Amino acid sequence: MTGELDEIPRRFPDIDLGIVHLGGTRLLGLVTVTMDGEQGANWVDLIRPRKVLPVHYDDYTVFHSSLGDFREHMEQTAYGGRVAYLRRGESLEIAPSSPGPAPGRRS
């Protein structure tokens, strides 16, 4: 992953929660709509949020990448322990990190 995504951790180094849209769906085989397990794990590795919440991985029959695929890839990273695997209806409470200066502002 390169390009615009590389800018995210530089501009926002202290992200509390990364919501990863999974499922591995592509339109016409060309346009990625939702990430597959490997892409999701790579995204987490790039962004490095304090907590990770995978979503949207089993909503439709057109999805080609399961939550298990994401879990397998995450277990191979240093960030596997940051993932919250929730069932439908469950919630996750997170405490935000200490607020720092707004992007572009100096303390």
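Reader: Leaving aside its neighbours within four places in sequence, which residues is Pro54 in contact with?

Author: Pro54 is in contact with Val20, Leu22, Leu67, Phe70, Val83, Ala84 and Tyr85 once those neighbours are set aside, where contact means heavy atoms within 4.5 Å. This is a predicted model, in which local features need pLDDT of at least 70 and side-chain atom pairs count only at pLDDT 80 or more, while totals for chains, interfaces and linings use all residues. Residues are numbered from 1 along each chain as its sequence is written, and side-chain values use heavy atoms, with hydrogens and water left out.

Reader: Where does Pro54 lie, and is Pro54 buried or exposed?

Author: Pro54 is part of strand β4; strands (E, at least two residues) and helices (H or I, at least four) are DSSP runs, numbered from the N terminus. Pro54 counts as buried because its relative accessibility is 8%, given that buried means under 20% relative accessible area, exposed over 50%, and partly exposed in between, with a 1.4 Å probe and protein chains only.

Reader: Let's go to α2. Which of its residues are buried, and what covers them?

Author: The buried residues of α2 are Gly37, Gly40, Ala41, Trp43, Val44, Leu46 and Ile47, and their cover includes α1 (4-11), β1 (17-21), β4 and α3 (67-74).

Reader: What happens at the start of α2, and what about just after α2?

Author: At the start of α2, a side-chain oxygen of Asp36 comes to within 3.2 Å of the backbone nitrogen of Glu38, which falls under the rule for a polar contact: a pair of N or O atoms within 3.5 Å, where within protein one must be able to donate a hydrogen and the other to accept it, and residues adjacent in sequence count only if both atoms are side-chain atoms. Just after α2, Arg48 takes a positive phi of about 55°, although Arg48 is not a glycine. Arg48 lies in the loop between α2 (37-47) and β4 (51-55), and its relative accessibility of 38% is why it counts as partly exposed.

Reader: And α3, which residues are buried there, and what do they pack against?

Author: In α3 the buried residues are Leu67, Phe70 and Met74. Seen down the axis of α3, these buried residues fall within an arc of 60°, so they line one face of the helix; the arc is that of the directions from the helix axis to the C-beta atoms. They pack against β1, α2 and β4. At the start of α3, a side-chain oxygen of Ser66 reaches to within 3.3 Å of the backbone nitrogen of Gly68.

Reader: What does the side chain of Ser65 reach?

Author: The side chain of Ser65 reaches the backbone nitrogen of Gly37 at 2.8 Å. Ser65 lies in the loop between β4 and α3 and counts as buried because its relative accessibility is 6%. Not counting residues up to four places away in sequence, Ser65 touches Gly23, Gly24, Asp36, Gly37 and Tyr57.

Reader: Gly24 turns up there. Which side chain has a polar atom 3.2 Å from the backbone nitrogen of Gly24?

Author: That polar atom belongs to the side chain of Thr34, and a polar atom of the Thr34 side chain also lies 3.0 Å from the backbone nitrogen of Thr25. Thr34 is found in the loop between β3 (31-32) and α2, and at 4% relative accessibility Thr34 counts as buried. Beyond four places in sequence, the residues that Thr34 touches include His21, Leu22, Gln39, His56 and Phe63.

Reader: Changing topic, which ring does the charged end of Arg71 sit over?

Author: The charged end of Arg71 sits over the ring of Tyr85, 3.7 Å from its centre; the rule asks for NZ of Lys or CZ of Arg within 6 Å of the ring centre and within 35 degrees of the ring normal.

Reader: Last one: is Gln76 buried or exposed?

Author: Gln76, in the segment after α3, is exposed because its relative accessible area is 67%. The C-alpha atoms of Gln76 and Ala41 are separated by 8.9 Å, with the two residues 35 apart along the chain.
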